[in-house]
Each structure stands twice: as C-alpha cells, then as structure tokens.
Amino acid sequence: MVFGFAFDFTLTVSAMPPEYEESFIRRLEIMWGEGFLSPGGADEVGAILGNEDLFGAQVLDIGSGAGGAALLLAREYAARRVIGVDIVPELVERSRRLCEAAGMSQRVSFELVVPGPLPFVADSIDVIFTKDSLLHFPDKVAIFQEIFRVLRPGGRFLCSDWLAGKNIAQCQAWSKFLELRRPSFVMVNVETMVQTMGEAGFVDVTAVDRTSWFTEAAQRDVEAVEGPQRASLQELLGETEYGIWVAVRHAIAEAAAFGALRPTHLRGRKPVNVDVDQS
Ligand SMILES: C[S@@+](CC[C@H](N)C(=O)[O-])C[C@H]1O[C@@H](n2cnc3c(N)ncnc32)[C@H](O)[C@@H]1O
C-alpha cells in the first residue's frame with residue numbers, strides 16, 4: 001500500500017515553495033548538525049553502517065542533502081571515494097563547500113541529478129548508501145532496479161528510510177504533519193520495500209525496525225527545539241514560523257509514538273553472479 005501526499009497541482013510550479021529551501025535546510029542543521037538533514041545526524045549514519053566495513057570502497061550516497069553523511073563516510077569510515085547525488089542545486093553547492101572546507105574534495109564529490117535513471121554505468125559502485133531520501137522517490141520499483149543495476153556484483157546497499165506504519169491512515173498527528181509541511185513523500189510499508197528489493201534481485205535483504213529509537217529521538221528533538229535551540233530557531237524563522245515548526249516536531253513525535261511512522265534500516269546485496277548466487 002502506498003501512502004503519499006501529492007502537491008496541489010492546481011498551483012503552478014513557480015508558485016510552489018521549494019521543499020528544501022534555505023531556512024528549512026538551516027533549521028534541520030540546527031537540530032542535527034552541519035551537513036545533516038535527517039534525524040540522528042552523524043550518530044545515525046554510524047548505526048546504518050553497523051559492522052559494515054567501507055575501507056577502500058567507492059560509495060554512492062543517493063539524496064546526499066547537505067553533504068554531512070558523504071563527508072563522514074570518507075573521513076571517518078575510510079571509504080576511498082564518495083559521490084553524493086541530489087536534485088537540489090543549493091544542496092549540491094553547500095555539500096561541495098562543506099567538503100572543500102574539510103579538505104576532502106579529492107575524495108568526496110557531489111553531482112546535481114534529475115529524478116530518473118542514476119547517471120552511472122552498470123556494475124560500477126561498491127556500496128550504495130542512502131539516508132531518509134527514498135521516501136521522496138515515487139516509484140520504488142524503478143529506484144531499486146537502478147540501485148541494483150549500478151551496484152557491482154557483490155555490492156552492498158545500506159539504507160535508512162521512513163516507512164509507513166500499519167495505522168498511518170488513522171493517525172491524526174500524521175495528517176497534521178502533512179497539512180503543515182506538505183512534503184513530497186511517497187511512503188510504503190516495510191513488506192512492500194522488502195518485496196521490491198527482492199524482485200529487483202537483491203539477496204540477504206534485512207529490515208531493522210528503528211521505531212523505538214526514532215520515537216525517543218523525536219521526543220528529544222521536541223525538547224531541544226523548545227529548549228536550547230529555541231533562540232536560534234526563533235531568530236532564523238521569526239515567531240510565527242517558529243510556532244509552526246514546533247507543531248511540526250510535535251506531530252512527528254506523536255506519529256512515531258502512535259506507530260504511524262516506521263523508520264527502518266534496510267540492507268541488501270547484489271549477488272556475485274546474478275544468475276547463480278541466490279544464497
Ligand atoms: C531528508 S533529506 C536527507 C538528506 C541526507 N541524506 C541526510 O540524511 O542529511 C532527503 C534528500 O533527498 C533528496 N532527493 C529527493 N528526491 C531525490 C532524487 N530523485 N534524487 C536524488 N535526491 C533526491 C532531497 O533533495 C534531500 O536532499
């Protein structure tokens with residue numbers, strides 16, 4: 001089942017506020033650290049990797065946002081080369097500046113892409129990483145086919161994503177969140193994600209439920225937004241927008257506690273021999 005929220009197409013494209021505009025990016029960085037636009041920031045990148053070793057690997061980060069994760073994968077986790085792709089020009093520029101300032105531009109680069117096929121040749125990437133970005137992809141079948149195509153045989157897929165909990169349609173807090181933010185999310189349930197990965201050809205597919213961690217983290221985010229981060233967020237957003245932002249963070253925390261959101265770590269592997277290795 002697919003749960004999404006489409007933009008109101010009666011608006012013209014030019015009238016539509018961009019989803020990742022400057023003040024949105026900056027408020028997320030206030031919450032999760034420079035370069036990070038999703039819950040848990042650097043710590044959660046480590047949790048997605050778990051015991052996976054990136055030493056010497058060529059890594060693609062899909063939906064690289066403000067570049068923090070890509071930088072971390074190279075600097076802290078010893079990936080040989082990281083390429084981040086995103087569809088927002090400002091985020092790609094920002095990511096490049098972050099990596100230049102860190103002296104890591106030789107090993108970490110960013111490409112502006114358009115939604116659609118990934119601009120990489122088949123069998124070319126060791127590891128595909130993506131954090132909380134696939135929820136923006138409307139066609140899960142197409143993106144998993146692309147991820148599978150681009151991975152080298154034996155290559156690994158490491159991901160975190162916001163999936164739909166079973167009761168999402170009954171969750172008033174989630175409806176409130178959609179009304180307040182109007183995000184371009186298309187969220188599916190975990191069974192659909194795992195099945196789609198399997199049909200794309202992945203083996204060793206695992207899904208780890210992160211709801212418990214996320215629920216606590218979202219509550220801590222509420223407390224931080226209303227506490228230590230309040231002054232900087234008010235200065236950035238102004239009083240009215242700050243109030244809306246507080247309501248957004250409450251809605252997310254309540255939706256997580258209700259079970260409507262099912263943040264999940266997904267992993268899979270492209271078989272060494274696509275025709276033979278289904279072990
Ligand atoms: C919630 S942010 C996460 C960013 C980053 N992974 C992080 O954790 O900080 C989702 C990102 O996905 C990007 N995105 C959305 N659709 C995309 C697409 N079709 N291809 C690449 N990136 C996309 C957005 O621009 C945004 O930067």
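At what angle do helix α5 (residues 140-150) and helix α7 (residues 190-200) pack? The legends below describe close-up views of a predicted model.

**View A. Packing of helix α5 against helix α7.** The two helices pack at an angle of about 45°, and their axes are 9 Å apart. The crossing of α5 past α7 is right-handed. On α5, the contact is formed by K140, V141, F144, Q145 and F148, and on α7 by M193, T196, M197 and A200. By class, these contact residues comprise six nonpolar, two polar and one charged.

**View B. Contact of helix α8 with helix α9.** Helix α8 spans residues 211-226 and helix α9 residues 230-258; their axes come within 9 Å and cross at roughly 155°. An angle over 145 degrees counts as roughly antiparallel, and α8 and α9 are therefore roughly antiparallel to each other. Their crossing is left-handed. Residues of α8 in the contact include F214, V222 and V225, which face a set in α9 that includes Y242, W245 and I252. The contact of α8 with α9 has 13 nonpolar, four polar and four charged residues.

View C. A backbone N or O atom of L37 lies 2.7 Å from an oxygen atom of the ligand. For G63, a backbone N or O atom is 2.7 Å from a ligand nitrogen atom; for K131, a backbone N or O atom is 2.9 Å from a ligand nitrogen atom.

Note on methods:
Residues are numbered from 1 along each chain as its sequence is written. This is a predicted model: local features need pLDDT of at least 70, side-chain atom pairs count only at pLDDT 80 or more; totals for chains, interfaces and linings use all residues. Side-chain values use heavy atoms; hydrogens and water are left out. Axes are lines fitted to C-alpha atoms, for helices over the stretch in contact, and angles run from 0 to 180 degrees between N-to-C directions. Helices (H or I, at least four residues) and strands (E, at least two) are DSSP runs, numbered from the N terminus. Angles under 35 degrees count as roughly parallel, over 145 as roughly antiparallel, 65 to 115 as roughly perpendicular and the rest as oblique. A crossing is left-handed if the near helix is turned anticlockwise from the far one by less than a right angle, and right-handed if clockwise. Contact means heavy atoms within 4.5 Å. Ala, Val, Leu, Ile, Met, Phe, Trp, Tyr, Cys and Pro count as nonpolar, Asp, Glu, Lys and Arg as charged, and the others, Gly among them, as polar. A polar contact is a pair of N or O atoms within 3.5 Å; within protein, one must be able to donate a hydrogen and the other to accept it, and residues adjacent in sequence count only if both atoms are side-chain atoms.
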